[in-house]
Amino acid sequence: MWALAASNLASIAFLLHQHYVNRPRASDDGSVPKTGSDDANGDAPAPPPPPPPPEPIVAPDAVINLELGDPTMYEAFWREAGERAEVVIPGCWGMSYTSDAGSLCWFLEPEFEREVRRLHRLVGNAAVDDGYHLVVGTGATQLFQAAMYALSPAGADRPVGVVSPAPYYSSYPPQTDLLLSGYYRWAGDANALDGGNDGHIELVCSPNNPDGAIREAVLSGKAIHDLVYYWPQYTPITGAAAHDIMLFTVSKITGHAGTRLGWALVRDRDVAKKMVYFVDRATIGVSRDSQHRAAKLLAVVSDAYDDDSGTPLRLFDFARRRMAESWRALRAAVAGTGGAFSLPEETTGYCNFTKQTVAAYPAFAWLRCEKDGVEDCAEFLRGHSIVARGGEQFGGDARCVRVNMLDRDGVFDILIQRISSITLSP
């Protein structure tokens with residue numbers, strides 16, 4: 001028995017020795033060589049990436065939800081882009097909270113900033129080089145909060161009022177009051193204040209969510225310009241915006257809403273510093289991985305418009321074609337209802353980006369129900385298995401609804417069929 005035990009111990013010692021001798025060794029820089037390959041050079045071929053998921057099939061009798069602004073229309077473009085938009089992030093990358101310790105916005109990735117400024121220069125929709133500071137945030141939502149915090153006067157007796165002309169983005173009121181801040185509070189429709197400068201902060205969304213209108217500030221005081229839809233697939237680019245605070249987001253350009261990334265262009269350095277402080281205290285910065293991915297996506301967009309790119313895959317061209325097709329189909333369907341619905345008039349303008357006169361194709365349709373006896377359009381459409389956001393949530397008329405124009409083709413086709421089936425007469 002003792003001889004057997006001694007033999008087993010010797011075998012275990014031998015196996016441990018072999019494991020130690022043959023295990024992968026880290027080099028001086030801490031990297032570990034690849035193992036497990038039978039190739040002469042020790043490198044196994046990388047497995048192919050999984051194919052992109054197909055577009056979901058929508059049942060003809062399904063309830064279609066067009067309440068949210070989910071930009072899934074862009075999936076088709078990025079499927080075709082394929083590996084050109086792929087990003088590989090090494091496990092050792094981005095370990096620190098800090099992206100650039102010497103920058104005003106220390107959690108802003110330099111490559112992301114470069115691609116943001118490059119895209120604005122390409123499109124010509126913002127005066128990005130005129131001394132503006134760039135602050136990154138977890139979507140435009142966080143930057144909206146940061147901007148209100150930065151503009152609120154310190155030591156005030158009561159919170160400063162935050163307003164926007166109706167119909168305004170439905171998330172402005174709950175976002176403003178969510179934190180129960182002692183610095184600012186929601187104060188309603190800016191049109192009710194008779195202009196002037198009474199200390200309010202005005203939120204100016206242009207093109208406007210929900211109705212696509214081009215907006216200017218109605219007050220003369222502090223303003224935050226929400227320009228997330230000021231891109232050439234939605235509206236003519238008539239000039240480079242140069243406001244004190246301008247908000248943008250990746251989701252409304254490329255469709256990557258899940259990346260949760262936005263940025264602010266801020267003229268005043270002290271305001272930018274306060275916004276950075278807010279983001280720092282709220283989330284200790286912004287995901288570096290998201291910035292790394294977004295930088296690649298924006299680079300793909302800009303590269304396609306280089307003179308020598310040679311690629312027909314251009315995002316703004318793709319999106320503008322899709323928006324034009326969707327809006328033509330919706331206007332035709334509404335016209336075919338005999339007056340049961342109405343839409344705002346189509347507007348056109350000269351676009352400095354496309355160098356031609358083009359129509360505006362807003363990301364949302366502001367649809368009004370004209371049928372007698374219908375006082376709540378959202379409720380009426382629910383009876384036809386269409387979910388849309390009611391106009392009263394935007395400070396507007398309940399006979400209006402906001403309809404998302406950025407959904408997948410399958411969902412949009414069903415919307416057109418159902419709208420076409422509704423007529424003015426019972």
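F316 touches L119, V123, W231, P232, Q233, I253, V301, Y305 and F353, leaving aside residues up to four places away in sequence; contact here means heavy atoms within 4.5 Å. The model is a predicted one, in which local features need pLDDT of at least 70 and side-chain atom pairs count only at pLDDT 80 or more, while totals for chains, interfaces and linings use all residues. Residues are numbered from 1 along each chain as its sequence is written, and side-chain values use heavy atoms, with hydrogens and water left out.

F316 also turns up in the largest nonpolar core, which has 118 residues; F316 is one of the members that touch the most others, alongside W78, F112, W263, M275, F341 and L381. A nonpolar core is taken as a set of buried Ala, Val, Leu, Ile, Met, Phe, Trp, Tyr and Cys residues joined through side-chain atoms within 4.5 Å. Buried stands for under 20% relative accessible area, exposed for over 50%, and partly exposed for anything in between (1.4 Å probe, protein chains only). Helix α9 gives the most to this core, with 10 residues. Helices (H or I, at least four residues) and strands (E, at least two) are DSSP runs, numbered from the N terminus.

M323 is another residue of α9, and at 0% relative accessibility M323 counts as buried. Its contacts, again not counting residues up to four places away in sequence, are M73, Q233, Y234, Y361, P362, A363, M405 and L406. Y234 sits 89 residues from M323 along the chain, yet the two C-alpha atoms are separated by 7.6 Å.

Next come the sheets. Four strands line up in the order β9-β12-β15-β14 as an open, antiparallel sheet. The edges belong to β9 (341-342) and β14 (389-390), each with a single partner strand, so one side of each has no neighbour in the sheet. Two strands are said to pair if DSSP finds at least two bridges between them.

Elsewhere the pairing is parallel. Strands β5 (residues 201-205) and β6 are joined by five bridges, and V204 has H225 of β6 as its bridge partner. β6 also pairs in the parallel sense with β7 (residues 245-249), this time over two bridges, and D226 stands opposite L247 in β7. Four of the five residues of β6 (residues 222-226) are buried, so the rest of the structure largely encloses this strand.

As for charged pairs, the structure holds 16 salt bridges, each counted when a side-chain nitrogen of Lys or Arg is within 4 Å of a carboxyl oxygen of Asp or Glu. One of them links E67 to R389, with the closest N and O atoms 3.5 Å apart. E67 belongs to the loop between β1 (64-65) and α2 (75-81) and R389 to strand β14, so the pair ties together parts that are 322 residues apart in sequence. E67 is partly exposed, at 23% relative accessible area, whereas R389 is buried, at 11%.

An α-helix has 3.6 residues a turn, so residues three or four places apart point the same way. E115 counts as buried at 16% relative accessibility, while R118 is partly exposed at 25%.

R331 and E346 form another salt bridge, their closest N and O atoms being 4.0 Å apart. R331 lies in α9 and E346 in the loop between β9 and β10 (348-351), so this pair ties together parts that are 15 residues apart in sequence. R331 has a relative accessible area of 26% and is partly exposed; E346, at 43%, also counts as partly exposed. Salt bridges that share partners join E115, R118, D303 and D306 into one network.
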